[in-house]
Amino acid sequence: MTEAEISEVIELAWDDQTSFDLIEKQTGLAETAVIKIMRSELKPRSFKLWRKRVSGRKSKHEKLNIGC
């Protein structure tokens, strides 16, 4: 991936309103691939904070967002 593509993935992942399903549609990367990119590109503390914030968040998982 190019730096621009990685930057786009990180920007989409940071956005609370962008679900992992939408990221996959736009970039072709599944949630696990996005997590790997975030882990490798962010500082450890930033990754942990991001991971804690998005884990189980309905807006990041369209399947959980159906009832809202």
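Select V34 and show its contacts. Leaving out residues up to four places away in sequence, V34 touches V9, A13, F20, I23 and L29. Keep in mind that this is a predicted model. V34 lies in helix α3. Is V34 buried or exposed? V34 counts as buried because its relative accessibility is 0%, and the cut-off for buried is under 20%. Now draw a distance from V34 to I23. The two sit 11 residues apart in sequence, and their C-alpha atoms are 8.4 Å apart in space.

**Zoom out: the whole chain**

Switch to cartoon. The secondary structure comes to four helices and zero strands. Along the sequence, the pattern reads α-α-α-α. The chain has 68 residues, and 31% of them count as buried. Next, consider contacts between residues at least 6 apart in sequence. Of these, 57% join residues at least 24 apart.

**The nonpolar core**

Which residues touch the most other members of the largest nonpolar core? Select V34, M38 and W50: they do, in a core of 16 residues. Colour the helices that give two or more residues to this core: α1 (3-14), α2 (20-27), α3 (31-41) and α4 (44-54). The largest share comes from α1, with five residues. As background, nonpolar side chains in soluble globular proteins tend to be buried together.

Stay with M38. Set aside its neighbours within four places in sequence. M38 is then in contact with I10, A13, W14, F47 and W50.

**Around α3**

Select α3 and look down its axis. Which residues of α3 are buried? They are V34, I35, I37 and M38. These residues cover an arc of only 160° around the axis, so they lie on the same side of α3. What covers the buried residues includes α1, α2 and α4.

Turned away from the buried side of α3 are the exposed residues T32, K36, R39 and S40.

**α1 against α3**

Hide everything but α1 and α3. Two packed helices are described by the angle between their axes and the distance between the axes. For α1 and α3, the angle is about 105° and the axes are 10 Å apart. That angle makes α1 roughly perpendicular to α3, because 65 to 115 degrees counts as roughly perpendicular. Show side chains at the contact. From α1, pick I6, V9, I10, A13 and W14; from α3, pick V34, I37, M38 and E41.

**α4 against α3**

The axes of α3 and α4 come within 9 Å and cross at roughly 150°. The two helices are therefore roughly antiparallel to each other, since angles over 145 degrees count that way. Which residues meet here? E31, I35, M38 and R39 in α3 meet F47, W50 and R51 in α4.

**The aromatic rings**

Select F20, F47 and W50. Together they form one aromatic cluster. The structure holds two aromatic pairs.

F20 belongs to helix α2 and W50 to helix α4, 30 residues apart, and the pair links distant parts of the chain. Both F20 and W50 are buried.

Move to F47 and W50. Here the ring centres are 6.0 Å apart and the planes are at 40°, so the pair is tilted. F47 and W50 both lie in helix α4, three residues apart, about one turn of the helix. F47 is buried, and so is W50.

**Last stop: W14**

Select W14 in helix α1. How exposed is W14? Its relative accessible area is 32%, so W14 is partly exposed. List its contacts, again without residues up to four places away in sequence. W14 touches M38, L42, S46, W50 and R53. Finish with a distance from W14 to R51. They are 37 residues apart along the chain, with 9.9 Å between their C-alpha atoms.

Technical notes
Residues numbered from 1 in each chain as written. Predicted model: local features only at pLDDT ≥ 70, side-chain atom pairs only at ≥ 80, totals over all residues. Heavy atoms only, no water. Core = buried A, V, L, I, M, F, W, Y, C linked by side-chain atoms within 4.5 Å. Buried < 20%, exposed > 50% of the residue type's maximum accessible area, 1.4 Å probe, protein only. Contact = heavy atoms within 4.5 Å. Arc of directions from axis to C-beta. Phe/Tyr/Trp six-rings, centres within 6.5 Å; stacked < 30°, edge-to-face > 60°. Axes fitted to C-alpha atoms, helices over the stretch in contact; angles between N-to-C directions. Parallel < 35°, antiparallel > 145°, perpendicular 65-115°, else oblique.
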